[in-house]
Amino acid sequence: MGIVIAILIFGLIVTAHEFGHFVCAKLSGIRVLEFSVGMGPKLLQKTKGETKYSLRILPLGGYCAMEGEDSTNSDPHSFRNAKLWKRMIVLAAGAMMNFILGFIAIVIWVCMMRNIGSMVISEFVKTDANGTVAEYCAESYETGLRKGDKLIEIGGTRIYSIIDINYALHDANKNKSYTVLVERDGEKVTLENVVFNNNSNENGNDPYDFYLTARSKNPLTILQTSGETFMSMTHIIGLSLKQMFSGKLEKENVSGPVGVVTAISESTEDTESLSEIIYNFLYMTALITINVGIFNLLPIPGLDGGRLLFCFIELVRRKPVKPEHEGYVHLAGMALLFGIMIFATYNDIVRLISGG
């Protein structure tokens, strides 16, 4: 089931990405030679107008092939002969479609929630591991937090949703203390040395020794919560990429396609109903498609962001870089990305073999 869901997620994400390029290319008057869903041998193909539409056997990719992407020619409808602003829109459209898909998936995901919460603390844990009711068992209360506080930052991590809290407190069971910024009575208050985990409370090693105030569920709060969740995913992915490129992310934590499939499979292991499978599917789709969108906009040769970088260079120079020179740069970038993919896949396989 996990593998099937992974295939569906990858297929949906890539199709959405390439569809963004396709639609904007068509609207910009750029000739699209082929729009393909999937990779490998063709299952179905139909030609309509100037474009071939293909369905291929491997549902793990796709592409939108445009006239004159990597070379100049005299065709007025080729990619390189289009106006610069049109080319930039076409290049950015794939990532934009990833973001749109991610937001739609989040909205449906939030709609399926029984309760949607704010970042305002409603109460603290008051029962210890033995079931004894104490005045307060929550260390976060003892070290400064109060009912009604709205969480803004924890340990320097901006808090938009529960996802950010999970990220900020992933080491809380090591009895770490945090600097916390809250909104209290309409004012921002900084709290030093706040401890969230108390091993004696009913949550064991769970850092949550507080509860959040629920929101009434209506279209406005659904959109608000969806927007906050989108911001959280974007924020956390950005932090992870920053750690990766700065060398602060441990190499063992770098995952490739095998690791993603494994994570999706693990998320479906304990599901007991179709609604839970759909719920997990929506969350993983949103997280992965936003990741793909952000990564594709990075100014790395071979990616859409790398091609956009050459567009900005053209904007400054007022003339394009020679296609063959740009092609060499993108080829080197693709080789680098391919090497990273091999390394990430190697890490995934090692983790699978070692049971980690």
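E314 is buried, its relative accessible area being 12%, where buried denotes under 20% relative accessible area, exposed over 50% and partly exposed the range in between (1.4 Å probe, protein chains only). The structure is a predicted model, in which local features need pLDDT of at least 70 and side-chain atom pairs count only at pLDDT 80 or more, whereas totals for chains, interfaces and linings use all residues. Residues are numbered from 1 along each chain as its sequence is written, and side-chain values use heavy atoms, with hydrogens and water left out.

The side chain of E314 meets that of R87 in a salt bridge with an N to O distance of 2.9 Å; a salt bridge is defined as a side-chain nitrogen of Lys or Arg within 4 Å of a carboxyl oxygen of Asp or Glu. This pair links distant parts of the chain, with R87 in helix α2 and E314 in helix α8 (residues 304-317), 227 residues apart. Helices (H or I, at least four residues) and strands (E, at least two) are DSSP runs numbered from the N terminus. R87 is likewise buried, with a relative accessible area of 7%.

Eight salt bridges are present in the structure. Among them is the pair formed by R80 and E326, whose side chains meet at 3.0 Å, N to O. Distant parts of the chain are again linked, R80 lying in the loop between β2 and α2 (84-111) and E326 in helix α9 (residues 323-354), 246 residues apart. R80 and E326 are both buried. A further salt bridge joins E50 to R31, with the closest N and O atoms 2.7 Å apart. Here the loop between β1 and β2, which holds E50, is linked to the loop between α1 (2-27) and β1, which holds R31, across 19 residues. E50 is partly exposed, at a relative accessible area of 37%. Both residues also belong to a network of salt bridges that links K26, R31, E50 and D75.

R184 is located in strand β6 (residues 177-184) and counts as partly exposed, at 24% relative accessibility. D149 is placed in the loop between α3 (139-142) and β4 (150-154) and is buried, with 0% relative accessibility. The two side chains make a polar contact of 2.7 Å. A polar contact is a pair of N or O atoms within 3.5 Å; within protein, one must be able to donate a hydrogen and the other to accept it, and residues adjacent in sequence count only if both atoms are side-chain atoms. A polar atom of the D149 side chain also lies 2.8 Å from the backbone nitrogen of R146.

The surroundings of these two residues were examined through contacts, defined as heavy atoms within 4.5 Å. Leaving aside residues up to four places away in sequence, R184 touches G144, L145, R146, D149, V189 and L191. For R184 and L145, the C-alpha to C-alpha distance is 9.7 Å at a sequence separation of 39 residues. With the same exclusion of residues up to four places away, D149 touches M119, V120, I121, G144, V182, E183 and R184.

D185, in the loop between β6 and β7 (187-195), has a phi near 55 degrees, a positive value in a residue other than glycine. R318, in the loop between α8 and α9, has a positive phi near 65 degrees and is also a residue other than glycine. Most residues other than glycine have a negative phi. D185 counts as exposed at 77% relative accessibility, and R318 counts as exposed at 77%.

C111 is partly exposed, with a relative accessible area of 39%, whereas C311 is buried at 4% relative accessibility.
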